[in-house]
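Reader: I would like a close look at one part of this model, with the cut-offs stated as you go.

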Amino acid sequence: MFEKFSKLGQAFMLPIAILPVAGLLLGLGSALSNDAALAQFPFLANDFIQSVFTVMTMAGNAVFANLPLIFSIGIAVGLSEADHGTAGLSAGVAFLVYTATISAWLQLFSAPDATIDTGVLGALLIGLTVTYLHNRFRKIELPQFLGFFGGNRFIPIVSAIAAIFLGSIIYVIWPPIQEAMVGLGEQIAAMGSIGSFFYGFFLRLTGAVGLHHTIYPLFWYTSLGGVETVAGQTIEGAQNIYFAQLADPNFTGLYTYGTRFFAGRFATMMFGLPAATLAMYHSIPKENRPANAGFYFSSGLTSFLTGITEPIEFSFLFAAPWLYVIHAFLDGVSFYIADILQIRIGNTFSGGLIDFLLFGPFQGNSQTNWIRVIPIGIIWAILYYIVFRFCIKKFHVTIPGMEMTADQSNSGKTTSSHSSGSLHDKALTIIEGLGGPENIDHVTACATRLRVSVKENGKVNKDTLKSLGATGVLDVKNGIQAIYGGKSNIYSAEINEILADSNFSQATEAMSLFTPVAGTLYNLSEVNDPVFSQGTMGQGLAIRPESDQVISPVNGVVTSLFETGHAIGLTSEEGIEILIHIGLDTVELKGQGFTPTVKQGDKVTIGDHLISFDRQAIESAGYDASVILVVTNTRDYDQIETVASGKVGPGDEIIRLHK
């Protein structure tokens with residue numbers, strides 16, 4: 001369950017990464033073109049300058065106006081197992097069809113002013129549906145006359161069809177759900193500041209395990225965050241409402257009450273946590289401070305400027321989880337105080353100085369009450385300093401630098417050496433710390449974490465990862481998360497580039513496929529079926545069989561077995577995905593003449609009997625009995641070469657794959 005939510009959180013990070021830039025455009029464009037800015041800085045009234053600001057505002061607003069579409073694509077790209085481009089395209093098509101279907105039903109059967117806005121929930125529905133369809137059907141085989149539409153070309157088609165059904169269902173069931181969500185949002189609002197406290201408290205708690213990305217979008221982008229009319233349009237979601245008000249030149253007064261889902265974080269991120277880093281720095285022995293000053297200073301500065309808090313939080317989370325709970329409680333109180341003081345500052349990504357300036361002072365105190373953050377922040381800094389200094393000293397929390405043995409001193413020297421190395425060298429060290437390339441399945445990153453799926457967690461050397469500056473290494477099911485802060489994304493990119501390099505000295509050696517049936521080899525391009533001959537299903541070869549026994553060409557597992565018995569899918573121990581297809585269009589025989597001797601999920605070794613088939617019966621029925629072998633994940637390999645020709649028999653190597 002954790003892994004699924006973690007992957008969903010990662011998928012959200014791709015579209016969320018767009019928001020800071022869009023927010024900068026919208027925030028600066030709006031801030032420097034409103035009447036208050038023009039009155040204060042008359043030179044901004046220049047037509048050309050205002051034209052630039054108008055373009056910036058409209059460009060930024062375009063992203064926020066199309067967030068559901070962007071989220072749909074991002075979720076599908078983030079969660080698809082392979083061929084991410086097809087998944088993203090399919091999600092974009094499906095979302096457009098989905099919204100068009102709802103619009104059509106509204107025009108036909110609803111009141112003229114009726115609207116249905118599923119927001120990010122609709123995006124999540126479409127994204128997850130497309131992901132399921134993509135992962136399940138991207139290798140589908142269709143009859144010969146529909147062969148062109150097989151494989152990944154089938155996914156946009158089936159996704160669009162599914163979107164029509166989903167749009168129709170949503171048209172029926174969403175109005176009461178929407179009313180209920182509005183009611184729930186109203187109840188949260190009716191709870192007043194206590195509701196804001198619980199939101200902030202639980203948001204910070206879930207951040208400890210990286211699941212906060214699955215919570216706040218529900219309040220930022222759906223009716224749980226409120227529903228308001230802005231410039232004649234009904235807008236749902238706290239952030240959507242805020243940016244709609246920001247883009248409206250006629251808006252006056254305080255910004256939306258929904259900013260309570262953002263405003264509480266500024267005191268914590270700009271004042272509280274930087275003060276906590278100072279408290280931690282003052283708590284470690286004086287002789288250890290020079291070696292740890294860089295870490296504490298950079299962590300505090302990162303939180304202050306950008307609102308990225310993991311470098312600080314993971315320095316004490318594992319040593320003292322109870323202290324993290326206290327921190328989460330204080331953060332909840334910060335949301336409570338911001339609520340009761342009517343602080344109405346928005347944000348794009350987090351609660352650092354950049355967002356504070358853009359959506360606080362630049363928007364004017366009359367609309368934000370930003371000035372109130374300053375005294376509260378000072379109080380918060382003092383409070384955090386006292387709490388952290390007391391708890392660390394009283395309970396001997398082993399934060400970085402608290403203890404330094406001889407071994408740790410050596411480790412510190414190693415860190416210094418790594419820190420001065422190139423990005424490539426650091427990435428190689430991380431690969432080594434992860435157990436080598438053979439232990440790595442998948443590498444990605446969110447804003448602050450390097451997220452790695454590994455084959456065996458026990459092979460991961462956490463000390464090696466920490467030597468490069470990871471403030472924490474968290475074990476999760478089938479993987480780890482290393483907290484590298486803002487460097488996580490560049491480490492992920494470099495590691496993936498190294499692993500994809502065929503010249504990488506530690507890359508996996510060439511892999512082999514062996515004969516699935518005795519017979520005579522011929523080129524796949526000569527097969528009388530465009531699905532295979534055009535390479536739609538992947539690279540491979542064909543065999544004119546001289547035996548009625550199909551055997552396993554690899555050591556692996558049976559991943560799929562067609563009910564008709566005419567085709568079987570295997571995945572080798574090295575991850576090679578193989579389809580063995582007996583005859584052309586033999587699906588029409590409906591299983592006659594095919595006798596599987598294995599079932600889905602069975603483990604097999606090279607030479608194991610898989611399927612018996614009646615060659616004579618197939619040919620008598622007018623079908624070509626050729627046995628086709630294709631590598632369906634061809635894109636995962638740099639080179640797939642046929643290494644045999646003519647007649648082949650059991651145990652003969654026929655294909656060699658290189659990464």
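Reader: In which order do the eight strands of the open sheet come, and is their pairing parallel or antiparallel?

Author: This is a predicted model, in which local features need pLDDT of at least 70 and side-chain atom pairs count only at pLDDT 80 or more, while totals for chains, interfaces and linings use all residues. Residues are numbered from 1 along each chain as its sequence is written, and side-chain values use heavy atoms, with hydrogens and water left out.

The order is β15-β11-β12-β13-β17-β9-β8-β19, and the pairing is antiparallel. Strands here are DSSP runs of E with at least two residues, helices are runs of H or I with at least four, and both are numbered from the N terminus; two strands pair if DSSP finds at least two bridges between them. The edges are taken by β15 (603-604) and β19 (647-648); each has a single partner strand, so one side of each has no neighbour in the sheet.

Inside that order, β13 (residues 577-582) runs antiparallel to β17 (residues 627-631), and five bridges join the two. Opposite I580 stands L629 of β17.

I580 is also among the residues that H566 touches; the others are E141, H581, I582, T586, V587 and F594, leaving aside residues up to four places away in sequence. Contact means heavy atoms within 4.5 Å. H566 itself lies in the loop that links β11 (556-561) to β12 (567-572). Its relative accessibility is 1%, so H566 counts as buried (under 20% relative accessible area; over 50% is exposed, in between partly exposed, with a 1.4 Å probe and protein chains only). The side chains of H566 and H581 are joined by a polar contact of 3.5 Å, meaning a pair of N or O atoms within 3.5 Å, one able to donate a hydrogen and the other to accept it.

Elsewhere in the model, helix α15 (residues 321-340) packs against another helix. The axes of α15 and helix α18 (residues 373-395) come within 12 Å and cross at roughly 165°; axes are lines fitted to C-alpha atoms over the stretch in contact, and angles run from 0 to 180 degrees between N-to-C directions. α15 and α18 are therefore roughly antiparallel (over 145 degrees; under 35 is roughly parallel, 65 to 115 roughly perpendicular, the rest oblique). Residues making the contact include W322, L323 and I326 of α15 and I376, W380 and L383 of α18.
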